[in-house]
Number of protein chains: 4
Amino acid sequence: MPPDAARRSDRSRRAILVAAMELVEALGYSKLTIEAVAARAGVGKQTIYRWWPSKGPLLFDAFVELGPVGPDVLPSGDLATDLKRELRVAVAELAERRFDQVCRVLVHEARTDLVTLLLMPRRVELEERLLAAQRSGEVRVDVDVSAAAELLLGPVYQRWLLRTAPLTGDFVDAVVDLVLRALRG
Amino acid sequence: MPPDAARRSDRSRRAILVAAMELVEALGYSKLTIEAVAARAGVGKQTIYRWWPSKGPLLFDAFVELGPVGPDVLPSGDLATDLKRELRVAVAELAERRFDQVCRVLVHEARTDLVTLLLMPRRVELEERLLAAQRSGEVRVDVDVSAAAELLLGPVYQRWLLRTAPLTGDFVDAVVDLVLRALRG
Amino acid sequence: MPPDAARRSDRSRRAILVAAMELVEALGYSKLTIEAVAARAGVGKQTIYRWWPSKGPLLFDAFVELGPVGPDVLPSGDLATDLKRELRVAVAELAERRFDQVCRVLVHEARTDLVTLLLMPRRVELEERLLAAQRSGEVRVDVDVSAAAELLLGPVYQRWLLRTAPLTGDFVDAVVDLVLRALRG
Amino acid sequence: MPPDAARRSDRSRRAILVAAMELVEALGYSKLTIEAVAARAGVGKQTIYRWWPSKGPLLFDAFVELGPVGPDVLPSGDLATDLKRELRVAVAELAERRFDQVCRVLVHEARTDLVTLLLMPRRVELEERLLAAQRSGEVRVDVDVSAAAELLLGPVYQRWLLRTAPLTGDFVDAVVDLVLRALRG
DNA sequence: CAATAAGCGAGACGGTACGTCCAGTCTTGGC
DNA sequence: GCCAAGACTGGACGTACCGTCTCGCTTATTG
């Protein structure tokens, strides 16, 4: 029998979400235990297992309920301004203490070293090629080569990581074409 | 006393790295146990703990030694071609079975849902603004708005996640300016 | 928090005691592992550690519950007969398979050699002195000198080993006086 | 190949025995580890394993070499005096610090409780019977009933424990007959 | 307005893996 | 070729949590 949501104790539900949030802040994702959440929330373990199958969904709900919410950005009329405001809101959310402390560790439990190890060689090659292009005049000299490399790799890596859409050759070509249009003299 | 690296058994070291690689492929990061690695490598657990403090560094070494290595990209003379080839090598590495199966889970243990949850609102707002700009003629109509949104968010998210450099307002502005140059008619 | 005895599973408790008893019979005290007891009892290790601090107390309880129980000896009226029956019950208990196999090793884990080493010199000296006394007529010739030596050393050694009471010079004197009364012609 | 005793390092041998003795005094038998002996003796573990199969024999040798040695007892001419002196030497040896601290734990690793548990019922019954006999005049009133019970049980228990000789009914009878001779009025 | 069924706190249970310790073997370099 | 040193395989230790399973105890419909 599935549990009867009507009879659910809201007091317990909130205590659990708050406890989970606090503990994941303090300990990180991997050291967070259901047992500790139950103890801190003053709740039986079963009450957690009754409503959530595991840590992941529990924290998902905790973030939905207690996570950072950036303000809506009202259009100013100027495209550049709007996009900059939009991204700055995103940056602000990412930087919010509760988020930064918790979420990077949560999202990125394993050593960043590993990703660095995997990404850096590509990045270095890209930067070298862009510098050469700058010297030959194909790329404007006022472009920050490092940021440009990130402009190329960022979307690829993000799409791979988050599976927002399939990672195809066409996507790669589109990214390069767009970025190059920005970089050309 | 620190262990004496000179006396280290290379046979055991390699067996451990291979076993770790195979098991993380088969089970994913979180279900990988040191005990299983030791058993499969035919090695005492202590021999693992003697040389690595935990799962993370062990897998790091396994990837360094056994991970994917993309080919060097030889310059063709054409910038767009070179950058596309470069990114395709990156994509190929990311797609390599050993890597894809293992590394996403490894890098991204926690539910992708969470990140999606955090990123999607920004993304939706960005796409709406870009569509509006397209209608008003500020952005060319042949631009894929979805890819363009990724071009904006990808670098920001990647820089936050990997801490490749500080995530400043200036960086955001530079990204927007560069991307807009590409998108404008 | 101490465990809650009211909730204790009697099924598990008994299974553990039986398993402990069987294994100590088969393997002896030192080769008995908590892990093996848990496995044989079909019980988690924690369930043993929750209720017993270590092997010793666990086996103590196992013996209390499952150990040998000699019959009560009903008085026959004749003192010698009664004492002999009493001691024979003790001997029977000591000889019971479950007991003899297990308990000597359990009580006397260390090499008997050691005790022999320590006791034999005294014993030899005692026997020599008693033989001399027999030759000089101080001790009856029908006395088994070896048994007599044991009569002297047994109580001393037992009192030392079991700490049944302080091991004083007075005790020694009392023992010698009593035994001599028996040995004299 | 058996080790070549001629080449044996006496310095190492003695250092090992001394270290073993010191450690068993400090820690007791069960907490004594070969590793600790080797470390304290400044000796490789292999040097211990080369010459002794295990803890037991090692400690046996340590006691042979470093254990207590009571003085020889010179006959005084009086039997009672001689036997008392003899037993007092035994008691002195048993009481020697090195011995008492170490050896009881060593000989009697397991909980004394257990033996008490097994022996006490017999002992109580014996004492009761002896008291009754005292009341009925079969046993002299100046006899310490507790010591008398020990006189009966001590030899039996010791013979069982040390297997100095088979534990037969005849032996029991002989003990009872001897002791009764001492106890009768 | 009981009664009765659900959620609840608590916590014991069978398990899995942890990270440590030591046994006993093997290897290396020095004497 | 013994020795000190110490890395090795193996296996038990005692602990921490997992997810499941009762226990009594609220608590809130529902017959």
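This text walks through the contacts between the protein chains and DNA strand F, then turns to how chains C and D are related. The model is predicted.

Start at DNA strand F. It is surrounded by 36 residues. The closest are Lys45(A), Gln46(A), Thr47(B), Tyr49(C) and Ser9(D). By class, this surface has 14 polar, 13 charged and 9 nonpolar residues.

Next, see which helices supply the surface. Chains A and C each bring helix H2 (34-41) and helix H3 (45-51). Chains B and D each bring helix H3 (45-51). Each of these helices supplies at least two residues of the surface near DNA strand F. H3(D) gives the most, with 4 residues.

Now look from the DNA side. Take the atoms of DNA strand F within 4 Å of the protein: 65% belong to sugar or phosphate, and the rest belong to bases. Several phosphate contacts can be picked out. In chain B, a polar backbone atom of Asp4(B) is 2.8 Å from a phosphate oxygen. Trp51(B) uses its side chain instead: a polar atom there lies 2.9 Å from a phosphate oxygen.

Finally, compare chains C and D. What of their interfaces? Of the interface residues of chain D, 100% are also interface residues in chain C, so the copies meet through the same surface.

Conventions:
Residues numbered from 1 in each chain as written. Chains lettered and ligands numbered in written order. Predicted model: local features only at pLDDT ≥ 70, side-chain atom pairs only at ≥ 80, totals over all residues. Heavy atoms only, no water. Near = heavy atom within 4 Å. Polar contact = N/O pair within 3.5 Å; in protein donor to acceptor, adjacent residues only side chain to side chain. Nonpolar A, V, L, I, M, F, W, Y, C, P; charged D, E, K, R; others polar. Contact = heavy atoms within 4.5 Å.
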